[in-house]
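Dear colleague,

I am handing over a structure for you to look at, and below it you will find what was found in it. Please keep the sequence beside you while you read.

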Amino acid sequence: SPYDSLPLIPSLRYFYLLAWWSTSSYIFGKYANIHAESNGYLKISFWVSSPAHMTELGASAIDIYEDNRRFTKLVETVYATDPGYSHMVGSGTSHGSNITYEGTVGYKYYAEVHLTASDNTGGDTIKYASPTVTAQK
């Protein structure tokens, strides 16, 4: 690939390769993660970039899934339009943020982030899943 000569800094090379394999002409790079904090709290982080300035760029929604050892179910959907969550969407060529969710200690969780990018010519939204973590004491 044309990116073989990039420095071997794993994270930088990773994002360039994501961009090269991206199926969207609006979404250039993407990232989603979930981190178990104390007392069952989970921090869900995301980042998205675009090759051009976007008027709307970020996460339009985040679906949070819980595995309670019997089955996996959707337990919460947070929308950028919900009060207190407008920071999930911005503008420009890259945007990242995070939210906190209170889970149940011992249960496993993952997030599916709806990453969006749009301008006056159109836009795109893709779903991108985080790894799975177990909520900690």
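**What was found**

The protein averages a pLDDT of 87, and 83% of the residues score at least 70, where pLDDT is the predictor's confidence in each residue, from 0 to 100. This is a predicted model, in which local features need a pLDDT of at least 70 and side-chain atom pairs count only at pLDDT 80 or more, while totals for chains, interfaces and linings use all residues. Residues are numbered from 1 along each chain as its sequence is written, and side-chain values use heavy atoms, with hydrogens and water left out. Please be careful with residues 1-21, over which pLDDT stays under 50 and for which the model has 20 contacts beyond four places in sequence, a contact meaning heavy atoms within 4.5 Å.

As for the fold, the protein has one helix and seven strands, which are DSSP runs numbered from the N terminus (helices are H or I, at least four residues; strands are E, at least two). From the N terminus on, these elements run α-β-β-β-β-β-β-β. Of the contacts in the protein with a separation of 6 or more, 60% are between residues 24 or more positions apart.

Turning to the interior, buried residues make up 40% of the 137 residues, where buried means under 20% relative accessible area, exposed over 50%, and partly exposed in between (1.4 Å probe, protein chains only). The largest nonpolar core has 28 residues, and those with the most contacts inside it are L42, I44, I62, M88 and L115; such a core is a set of buried Ala, Val, Leu, Ile, Met, Phe, Trp, Tyr and Cys residues joined through side-chain atoms within 4.5 Å. The elements that give two or more residues to this core are β1 (29-36), β2 (41-67), β4 (89-102), β5 (108-119) and β6 (122-129), and β2 gives the most, with nine residues. Leaving aside residues up to four places away in sequence, L42 touches several others, among them I34, I99, Y109 and V133.

There are also two aromatic pairs, counted where ring centres of Phe, Tyr and Trp (its six-membered ring) lie within 6.5 Å, with planes under 30 degrees apart called stacked, over 60 edge-to-face and the rest tilted. Y65 and Y110 form a stacked pair, 4.8 Å centre to centre with 10° between the planes. Because Y65 lies in strand β2 and Y110 in strand β5, this pair ties together parts that are 45 residues apart in sequence. Y65 counts as buried at 18% relative accessibility, whereas Y110, at 24%, counts as partly exposed.

With best wishes
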